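Subject: Structure handover

Hello,

Here is the structure I promised to pass on. Please open it first, then read the notes below.

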Amino acid sequence: MNISNRPPTAWLRNIIIVAVAGGLLTTGLFWIFGGANTSKTKNQLTYTVSRGDFVVSVNEEGRLESANNTEIKCMVKGGSTILWIIPSGETVKTDQVLVRLDQSAIEDDISQKTIALENARATMVKSENDVKDAQISIEEYKQALFPSEVKTAERDLAVSKAAYQQTVDYYAHTQRLAAKGMVSNQQLRADSFNVEKAKLDLEIQETTLEGLKKFTKRKRLQELDSTLKAANATHASNVAKFKLEESRLERAKKMLANCTIKAKKPGMVLYPRAAEWKGMPEIEEGATAREKQLLLVMPDLKEMQIKVGIHESKIKRLSKGAVAEIKLLGKTYIGKVKKVATVAAPAGWWNGNAVKYDTIVSIEAQAGLKPGMSAEVEIFLAKYVDVLNVPVASVVELKDGFYCFVKTGAKPERRKVKLGDSNDNFVVIESGLSEGEQIFLNARELVDPAELRGDASETEKKATPKGIQNLSSNQKKTKPDANDDTKTKPKKKKSSALKTAKAKLKAADANGDGFLAVDELDEPYQQRFDKIDKNDDEKIDLAELTAEIQATGTE
């Protein structure tokens, strides 16, 4: 990640100062630097302290994307196999087929669910008839059976009364005959018994009729009502089962319809971008699409944004609404930071193990802008107007503070300075120097080694501006190389690098030819493709990839 600045000097001087900060001291730079000269005591370049606007910014490469994507997902329960999918980048019309998924298993499932539904329908119809029968039985008992039973009991009671009265009359006649001596006592006792028997029969019929009216009717109605309630419960259960089978069949039919995905609106369709740690998106014919897996996106080209990854060292200074300058298609646009992620993106070999936070920068829609285009984004973190600023190489940190060496004559003057904000190239001077004074670059070389500090404590490091911290470590190099970003990374052992290279080659080799073309590489490797491709054959083999991983120490 490069942190850029806008020093008040001309562009040639800016380039020279950056080179000096990196340690590339040559005779040519000496003559280009208008404010530099040679000390009588040391061969040191000087820099004239000046005022100007000072900008702290962060530069990153980002990718253009739509801020409002219509997502097209696999909505088949349990997933399905992709039989056909429209090529990425196609422009489609409404109702145009985009994806066809395998539907054979769903068709078999629909047949089974149709049979289950018809069985449930038959059971439901039967239980419905049982309810109607129970209702009729209650009405039948109330209006027909019970009145019939009452009349039968009343008839039997009337017969019993007549029989009783007849036996009573006959017994009275027998008693008169017995008084005249015309009937024996045995006949008299028999007629008396018949009277008692007829009386008992009469009482039984009376009790039967009374019980029929008071108890039998109520008991029978309760039984019939219970039968009706049971029939209703069974029918309700069968209705629920029928509806369940019906809904299952409807869902299966919906899944069948979901096997053919059509465009709901016109526009461009794109394959979703794979995660950086994956070799390529898993969207292709024959691949298995998971349920709710994103298959295609339809970007809204009227609302665009750029996603960039900001290094963790700068994320605390970044805030929503920060102004950004965007270079895209040879043009410059102004945007603003729209959103900063609160959680870092995954780090690994694909991004040099750098911890970065996804940041969204808004951009006004322009003709010709398409998702996936790369853009250079410069986000401004701070801006200072008319302040003193000097190269970070001219400042040295000692035990009691920061110092610069001012050219005053034969002997340099050591002067304590108070530092303000900084970037990787320049630092603001709040006090200690005046405009127009000349200071020596590479001030560390003018200090007695015994005065130089050792490792700073954590508290002191936090108080040290970023540019000065980088200076302390970079100035220890005898022959620094500002263009070599691999010098500070530990080299991997050859065996470990070979293992990592094989895994990377296997994951990224989309066509299986044993080589990696530029479009098969992740973005960090694409930027270094020409450097990695030692034999200039437009592809990277295992040996070249192993050498790169061993040199950079990436995982």
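**What was found**

Phe54 has a relative accessibility of 0%, so Phe54 counts as buried (under 20% relative accessible area is buried, over 50% is exposed, and anything in between is partly exposed, with a 1.4 Å probe and protein chains only). Phe54 forms a tilted aromatic pair with Tyr384, at 6.2 Å centre to centre and 45 degrees between the planes. Tyr384 is at 27% relative accessibility and therefore counts as partly exposed. The two residues are 330 residues apart, with Phe54 in strand 2 (residues 50-66) and Tyr384 in strand 15.

A few ground rules. This is a predicted model, where local features need pLDDT of at least 70, side-chain atom pairs count only at pLDDT 80 or more, and totals for chains, interfaces and linings use all residues. Residues are numbered from 1 along each chain as its sequence is written, and side-chain values use heavy atoms, leaving out hydrogens and water.

**Confidence**

pLDDT is the predictor's confidence in each residue, from 0 to 100. The protein chain averages 80, and 81% of the residues score at least 70. Confidence is highest in strand 6 (residues 97-101), at a mean of 95. Confidence is lowest in helix 2 (residues 27-32), at 33. Residues 1-41 stay under 50, and the model has 95 contacts beyond four places in sequence for them (a contact means heavy atoms within 4.5 Å). Residues 455-492 are also below 50, with 58 contacts beyond near neighbours in sequence.

**Overall make-up**

The protein chain has 10 helices and 20 strands. These are DSSP runs numbered from the N terminus: helices are H or I with at least four residues, strands are E with at least two. Of the 555 residues, 37% count as buried. Among contacts with a separation of 6 or more, 75% join residues 24 or more positions apart.

**Cores**

The largest nonpolar core has 45 residues. Such a core is a set of buried Ala, Val, Leu, Ile, Met, Phe, Trp, Tyr and Cys residues joined through side-chain atoms within 4.5 Å. Ile326, Ile363, Ile379, Val390 and Leu433 have the most contacts inside this core. Strand 15 (residues 374-391) gives the largest share, 8 residues. Another core lies apart, with 28 residues, including Cys74 and Phe242.

Val390 deserves a look. Beyond four places in sequence, the residues touched by Val390 include Tyr47, Val49, Phe426 and Leu433.

Leu64 is in strand 2. At 2% relative accessibility, Leu64 counts as buried. Gln305 is 241 residues away from Leu64 in sequence, yet their C-alpha atoms are 5.9 Å apart. Leaving aside neighbours within four places, the contacts of Leu64 include Gln305, Leu328, Ile363 and Met373.

**Cysteines**

How many disulfides does a search of the whole structure find? It finds 0 (a disulfide needs a pair of cysteine sulfur atoms within 2.5 Å). The cysteine sulfur closest to that of Cys74 is in Cys259, 7.8 Å away, which is too far for a bond. Cys74 is buried, at 0% relative accessible area. Cys259 is buried too, at 1%.

**Aromatic pairs**

The whole structure has 3 aromatic pairs. Rings of Phe, Tyr and Trp (its six-membered ring) pair if their centres lie within 6.5 Å; planes under 30 degrees apart are stacked, over 60 edge-to-face, and the rest tilted. Besides Phe54 and Tyr384, Tyr141 and Phe146 form a tilted pair, at 5.9 Å centre to centre and 50 degrees between the planes. Both Tyr141 and Phe146 are buried.

**Polar contacts**

Glu437 sits in the loop between strand 19 (426-431) and strand 20 (438-440). A polar atom of the Glu437 side chain lies 2.8 Å from the backbone nitrogen of Ser434. Not counting residues up to four places away, Glu437 touches Tyr47, Thr48, Val49, Val406 and Arg415.

Asp541 caps the N-terminal end of helix 10, where a side-chain oxygen lies 3.3 Å from the backbone nitrogen of Ala543. The buried residues of helix 10 (residues 542-552) are Glu544, Leu545, Thr546, Glu548, Ile549 and Thr552. A polar contact here is a pair of N or O atoms within 3.5 Å; within protein, one must be able to donate a hydrogen and the other to accept it, and residues adjacent in sequence count only if both atoms are side-chain atoms.

Best wishes
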